[in-house]
Amino acid sequence: MSAFAPLTTLADASQELARHRSTSVQLTQTALERIGSGEGPVAFTHVFTDSALAEARASDLLRAAGIVRSPMEGLPISIKDLFDVQGRVTHAGSRLLRTPSPPPRTRPSSRACAPRARSSWAAPI
């Protein structure tokens, strides 16, 4: 497990990469370890472990060559299940959406823009 505090900000993690105090692979492994514990297995509908680590290795190689494509280069991210991801079914937290076919490309789902329902736990609109 990495030495990062549990609530490290993206800005802090980006600075750690820029100062060569950490690598994208280390950050990604830490994120994957955290996803595998606590509520992670319930909160994440799919984890792209292999591609995340492959992209982290590629990012580390680019950074070692002095190439940093963006301030977010090398940071692990998660994508909320309201966005259609190429090759994956978007469930949007609904059991009714378990069987539709995957979208042809990554884009926001039409459900991501739906009006927010009021409930006892929702903040006032």
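How far apart are the end C-alpha atoms of helix 4, and what span should its 16 residues have at 1.5 Å a residue? The first legend takes this up. All views show a predicted model, in which local features need pLDDT of at least 70, side-chain atom pairs count only at pLDDT 80 or more, and totals for chains, interfaces and linings use all residues. Residues are numbered from 1 along each chain as its sequence is written, and side-chain values use heavy atoms, with hydrogens and water left out.

**View 1. Helix 4 from end to end.** The end C-alpha atoms of helix 4 are 23 Å apart, which agrees with the 22 Å that its 16 residues should span. Helices here are DSSP runs (H or I, at least four residues), numbered from the N terminus, and the expected span is 1.5 Å times one less than the number of residues.

View 2. Leu53, Ala56, Ser59, Asp60 and Arg63 are buried in helix 4. They lie on the same side of the helix because they cover an arc of only 120 degrees around the axis, taken from the directions from the helix axis to the C-beta atoms. On the other side, look for Asp50, Glu55 and Leu61, which are exposed. Buried means under 20% relative accessible area, exposed over 50%, and partly exposed in between (1.4 Å probe, protein chains only). The buried residues of helix 4 pack against helix 1 and helix 2, where contact means heavy atoms within 4.5 Å. Just after helix 4 comes glycine 66, with a positive phi of about 85 degrees.

**View 3. Helix 2 and its neighbours.** The buried residues of helix 2 include Ser24, Val25, Leu27 and Ile35. Packing partners for the buried residues of this helix are helix 1, helix 3 (40–43) and helix 4 (49–64).

**View 4. Histidine 20 in its loop.** Histidine 20 sits in the loop between helix 1 (10–18) and helix 2 (24–35). Its phi is positive, near 60 degrees. Most residues other than glycine have a negative phi. Histidine 20 is exposed, at 60% relative accessibility.

**View 5. Two salt bridges.** The whole structure holds two salt bridges, each a side-chain nitrogen of Lys or Arg within 4 Å of a carboxyl oxygen of Asp or Glu. Arginine 21 pairs with glutamate 16, their closest N and O atoms 3.6 Å apart; arginine 21 is exposed at 55%, while glutamate 16 is buried at 19%. Arginine 69 meets glutamate 73 at 2.8 Å, N to O. Here arginine 69 is exposed at 59%, and glutamate 73 is buried at 6%.

Note on methods:
Helix = DSSP H or I, 4+ residues; strand = E, 2+ residues; numbered from the N terminus.
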